[in-house]
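Subject: Structure for your review

Dear colleague,

My notes on what was found in the structure follow directly after.

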Amino acid sequence: MSIFTTRDEEGALLVSFDDASGLNDFRNTPLRDALFEIIQEREDPRVAIDMDKVDYLSSSGVAILVGLKRRIETRNGKIVLFRLQSIVHDLLQVMKLDRYFVIVDDEKEAVASLRSVSSV
């Protein structure tokens, strides 16, 4: 059973979680490793994470997202989170991670923001 799905959209990788449990399970190193491997395989990692089905975020989930962002930025890429449920958005605000992550409303906006990345 897959915990997340991916697809390419205009040069960006869109990742959708099937539910919150896989992201938030501290024992789920296969999920983390699979996400990190996908990033390593991409020359220009531009990733949009669809958070629609994530209705809570544990410290493990936050750690996976932060680790993913660090790996993407190490490779001069960009990550965007979109379709956050209000409770998850509020949590990120309380933790001041809304300043760390780019957060947009929908997929169209996410893909557009990733397209605006210029190579330096």
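A charge is taken to sit over a ring if NZ of Lys or CZ of Arg is within 6 Å of the ring centre and within 35 degrees of the ring normal. In this structure, Lys69 meets that description: Lys69 lies over the face of Tyr100, at 4.8 Å from the ring centre.

Please note that this is a predicted model, in which local features need pLDDT of at least 70 and side-chain atom pairs count only at pLDDT 80 or more, while totals for chains, interfaces and linings use all residues. Residues are numbered from 1 along each chain as its sequence is written, and side-chain values use heavy atoms, with hydrogens and water left out.

The aromatic pair

Tyr100 is partly exposed at a relative accessible area of 29%, whereas Phe101 is buried at 4%. Here buried means under 20% relative accessible area, exposed over 50%, and partly exposed in between (1.4 Å probe, protein chains only).

The sheet and its helices

Helices (H or I, at least four residues) and strands (E, at least two) are DSSP runs, numbered from the N terminus. An open sheet of 5 strands runs in the order β1-β2-β3-β4-β5, with mixed pairing; two strands pair if DSSP finds at least two bridges between them. β1 (4-9) and β5 (102-104) stand at the edges with a single partner strand each, so one side of each has no neighbour in the sheet. On average, neighbouring strands of this sheet are turned by 25 degrees against each other, direction ignored.

Helix α2 (residues 29-41) packs on the sheet and touches β1, β2 (12-17) and β3, its direction making about 15 degrees with that of β1. Helix α5 (residues 107-115) also packs on the sheet, touching β1, β2, β3, β4 and β5, and its direction makes about 165 degrees with that of β4. For these angles, axes are lines fitted to C-alpha atoms, for helices over the stretch in contact, and angles run from 0 to 180 degrees between N-to-C directions. Contact means heavy atoms within 4.5 Å.

As to individual pairings, β1 and β2 are antiparallel over 6 bridges, and Asp8 has Leu13 in β2 as its bridge partner. The hairpin of these two strands has 2 residues between them, and Glu10 takes a positive phi near 55 degrees there. β3 (residues 46-50) and β4 (residues 78-82) pair in the parallel sense over 5 bridges, with Val47 opposite Ile79 in β4.

The nonpolar cores

A nonpolar core is a set of buried Ala, Val, Leu, Ile, Met, Phe, Trp, Tyr and Cys residues joined through side-chain atoms within 4.5 Å. The largest has 29 residues, of which Phe17, Ile49, Met51 and Leu57 touch the most other members. Helix α3 gives the most to this core, with 6 residues. A second, separate core of 9 residues includes Ala12, Leu14, Val80 and Ala110.

Leu31 is found in helix α2 and is buried at a relative accessible area of 2%. Beyond four places in sequence, its contacts are Ile3, Phe4, Phe17, Gly22, Leu23 and Ile64. Leu31 and Phe4 are 27 residues apart in sequence and 8.4 Å apart in space, C-alpha to C-alpha.

Two buried serines

Ser60 lies in helix α3 and is buried at 16% relative accessible area. Leaving aside neighbours within four places in sequence, Ser60 contacts Leu23, Asn24, Asp25 and Phe26. Ser113, in helix α5, is buried at 15%; with the neighbours within four places again left aside, Ser113 contacts Lys78, Val80 and Val102.

Loop residues with positive phi

Asn76, in the loop between α3 and β4, has a positive phi of about 60 degrees although it is not a glycine, and Asn76 is exposed at 64% relative accessibility. Arg83, in the loop between β4 and α4, has a positive phi near 55 degrees and is partly exposed at 35%.

Yours sincerely
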